[in-house]
Amino acid sequence: MTVTISQSFASDGPRLHPWPVRIMHWINAVAMIVMIGSGWGIYNDSVIFGSLYFPQPVRLGSWAAESLLWHFAGMWVLALNGLAYLVYGFVTGRFRERLLPIRIADVIRTVRETLRFQISHDDLTVYNAVQKILYLVVMVAGVMQVITGLAVWKPVQFSWLVDLFGTFQGARLAHFLGMAVIVCFLLVHVTLALLVPRTLWAMLSGGPRLAPPRLRNPHAGEPR
Ligand code: HEM
């Protein structure tokens, strides 16, 4: 695989994943897993798809009411931490630098390489086009989960949100489909992280230091 090293390294620049990103990422990962496991417990009480039930070992909470308590606890963590991550990403310019631009040609090339199992990730500082799309998709899915979750939680107070999805059942279905998107993301994301363990270590330790902002595109406000 041909790799272009587009960022120079330096001893005094910010890390690839500064500490706020790492802390928020791991809090987010735990919160998402709590939300998924407890959501499956709540779903079982009133299924949407006739024969689809989630077995006890993958559910959080031994019965629906207990799952609901977990879901409400996780909800605040996910919403507040997720909001902090989005604000941080926009304000520091991280999203612009890490996730844009996305070029069709790059997407096609990355998909081709992945289908040939050429998924090396030699330059950790550059996300490939498919990674960028996946991260954007999961962020949109996370925001949608909060919106559809509010609609399902307080359908009277947020009746205008319910209206966006037609009916209460429509909002429930959208909430379920958002979960499915996040679970699919998680399966691919964790598999790739395990296949390229250097990325996992970088998300724990911060990864390489990048050249100072003045020598490259701004990561401007990011801490070191
Ligand atoms: C549903 C929960 C998760 C979500 C929504 C999520 C989302 C993300 C996002 C948006 C990024 C890009 C971060 C940035 O650069 O600002 C990222 C990076 C990363 N995540 Fe997750 N993540 C989740 C769970 C996990 C888990 C469980 C693992 C561990 C196996 C993991 C490992 C990583 C690694 C290693 C990176 C860096 C990838 C790279 O440098 O190529 N994530 N994740």
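User: From the N terminus on, in what order do the elements of the protein chain run?
Analyst: This is a predicted model, in which local features need pLDDT of at least 70 and side-chain atom pairs count only at pLDDT 80 or more, whereas totals for chains, interfaces and linings use all residues. Residues are numbered from 1 along each chain as its sequence is written, and side-chain values use heavy atoms, with hydrogens and water left out. Helices are DSSP runs of H or I with at least four residues and strands are runs of E with at least two, numbered from the N terminus. The protein chain has 8 helices and 0 strands, and the order of its elements is α-α-α-α-α-α-α-α.

User: Which residues coordinate the iron atom of the ligand?
Analyst: Donors are N, O and S atoms within 2.8 Å of the metal (3.2 Å for Na, K and Ca), and a site may look incomplete because water is not among the atoms. Two histidines of the chain, 164 residues apart, link distant parts of it, one lying in helix α1 (residues 19–43) and the other in helix α7 (residues 168–195). Each uses its NE2 atom at 2.0 Å, and they are His 25 and His 189.

User: What is the arrangement of the donor atoms around the iron atom of the ligand?
Analyst: Six donors count as octahedral, and four as square planar, if opposite donors are over 155 degrees apart and all others between 65 and 115; four are tetrahedral if all angles lie between 85 and 135 degrees, and anything else is irregular. Here the 6 donor atoms subtend angles of 82 to 180 degrees, so the arrangement is octahedral.

User: Is His 17 buried or exposed?
Analyst: Buried means under 20% relative accessible area, exposed means over 50%, and partly exposed lies in between (1.4 Å probe, protein chains only). His 17 is found in the segment before α1, and its contacts, meaning heavy atoms within 4.5 Å, include Arg 22, Tyr 127 and Met 203 when residues up to four places away in sequence are not counted. Its relative accessible area is 5%, so His 17 is buried.

User: How are α7 and α8 oriented to each other?
Analyst: Axes are lines fitted to C-alpha atoms, for helices over the stretch in contact, and angles run from 0 to 180 degrees between N-to-C directions. Angles under 35 degrees count as roughly parallel, over 145 as roughly antiparallel, 65 to 115 as roughly perpendicular, and the rest as oblique. The axes of α7 and helix α8 (residues 197–205) come within 4 Å and cross at roughly 100 degrees. The two helices are therefore roughly perpendicular.

User: Which residues of α8 make the contact with α7?
Analyst: On the side of α7, the contact is made by Ala 193, Leu 194 and Leu 195. On the side of α8, the residues are Pro 197, Thr 199 and Leu 200.

User: How far apart are the C-alpha atoms of Met 35 and Met 179?
Analyst: Met 35 is found in helix α1, and at 13% relative accessibility it counts as buried. Leaving out residues up to four places away in sequence, Met 35 touches His 71, Gly 74, Met 75 and Leu 78. Although Met 35 and Met 179 are 144 residues apart along the chain, their C-alpha atoms are separated by 9.0 Å.
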